[in-house]
Amino acid sequence: MSVRMGILGSGTVARTLGSGYLDVGHEVILGSRDPSKLADWVEQAGLKARVGTFSEAAHSSEILILAVKGTAAEEALSLAGPENLRDKVILDATNPIADIPPKDGVLSFFTGPEESLMNRLQKHYPGGRFVKAFNSVGAGRMVQPDFQGIKPTMFICGDDEDARKIVSGLVQELGWEVCDMGSSAASRSVEALCILWCIPGFRENSWNHALKLLR
Ligand SMILES: NC(=O)c1ccc[n+]([C@@H]2O[C@H](COP(=O)([O-])OP(=O)(O)OC[C@H]3O[C@@H](n4cnc5c(N)ncnc54)[C@H](OP(=O)(O)O)[C@@H]3O)[C@@H](O)[C@H]2O)c1
């Protein structure tokens, strides 16, 4: 079933997920403070691709994807409009990466050890049904990742069980197996997977991998 999807972001993640979800038949509108910077994406993504402001993308969507810089996530949601977030499933792909260089390939987060960015966002916007997903892989492997027939695992979490089911379905549509890690209590662990995922990138310039849970 086709859903109306709003994606907050104009970067590589927003563009990649936007094209991926258009390809599997959803309606997509990408949001930016400056929608004109997405003209090249519209040209490449085709006639069905739409762009607007953060608020337009949030207002016209049934499902929202948050794909902005971690340090800007609260501001982007504020620009999207709290009234447009109420009761909405929000797939949160952000990571709380601090604006300092990695040390020995290890990124720093601006969040403390006992919290996550998603915890903060959920607290600020209690009406939103946040689910963390797509934060533990690079954009290059986000859509229909091809590992010789083996599906990688996307770890998700969030407080609303129905929202997790909806997001699981959406993640599976892009070619993933999903591991549901439960409530937002898991979010600082799921966010930390980003640090782990990036280490081979920074140390060996190898960015082509994905994570898998073997049982
Ligand atoms: N890159 C990856 O491979 C990857 C993989 C997994 C997860 N992630 C996470 O996904 C998120 C997006 O990453 P990205 O690399 O696609 O893009 P990015 O460069 O991290 O973020 C670009 C977006 O952030 C918004 N932004 C920046 N400053 C802002 C501000 N002050 N107020 C409001 N919005 C602001 C920009 O909005 P405008 O459009 O208005 O300029 C733009 O849409 C990040 O949290 C990242 O950690 C990235």
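Is Asp99 buried or exposed? Asp99 is exposed, because its relative accessible area is 60%, where buried means under 20%, exposed over 50% and partly exposed in between, with a 1.4 Å probe and protein chains only. The model is a predicted one, in which local features need pLDDT of at least 70 and side-chain atom pairs count only at pLDDT 80 or more, while totals for chains, interfaces and linings use all residues. Residues are numbered from 1 along each chain as its sequence is written, and side-chain values use heavy atoms, with hydrogens and water left out.

Asp99 sits in the loop between β5 (89-92) and α5 (117-124); helices (H or I, at least four residues) and strands (E, at least two) are DSSP runs numbered from the N terminus. Apart from neighbours within four places in sequence, Asp99 is in contact with Lys69 and Thr71, contact being heavy atoms within 4.5 Å. With Lys69, the side chain of Asp99 makes a side-chain polar contact at 2.9 Å (a pair of N or O atoms within 3.5 Å; within protein, one must be able to donate a hydrogen and the other to accept it, and residues adjacent in sequence count only if both atoms are side-chain atoms).

The structure also holds ten salt bridges, each defined as a side-chain nitrogen of Lys or Arg within 4 Å of a carboxyl oxygen of Asp or Glu. Side chains of opposite charge can pair when their charged atoms come close. One of the bridges joins Glu115 and Arg120 at 2.8 Å, N to O; Glu115 is partly exposed at a relative accessible area of 25%, and Arg120 is partly exposed, also with 25%.

Another joins Asp160 and Arg129 at 2.8 Å, N to O. Because Asp160 lies in the loop between β7 (153-156) and α6 (161-173) and Arg129 in strand β6 (residues 129-132), this pair ties together parts that are 31 residues apart in sequence. Asp160 counts as partly exposed at 25% relative accessibility, as does Arg129 at 22%.

Lys212 and Glu177 form a further salt bridge (3.0 Å, N to O). This pair links distant parts of the chain, with Lys212 in the segment after α7 and Glu177 in strand β8 (residues 177-180), 35 residues apart. Lys212 is partly exposed at 37% relative accessibility, and Glu177 is partly exposed with a relative accessible area of 27%. Finally, Asp92, Lys132 and Glu191 are linked in a network of salt bridges.
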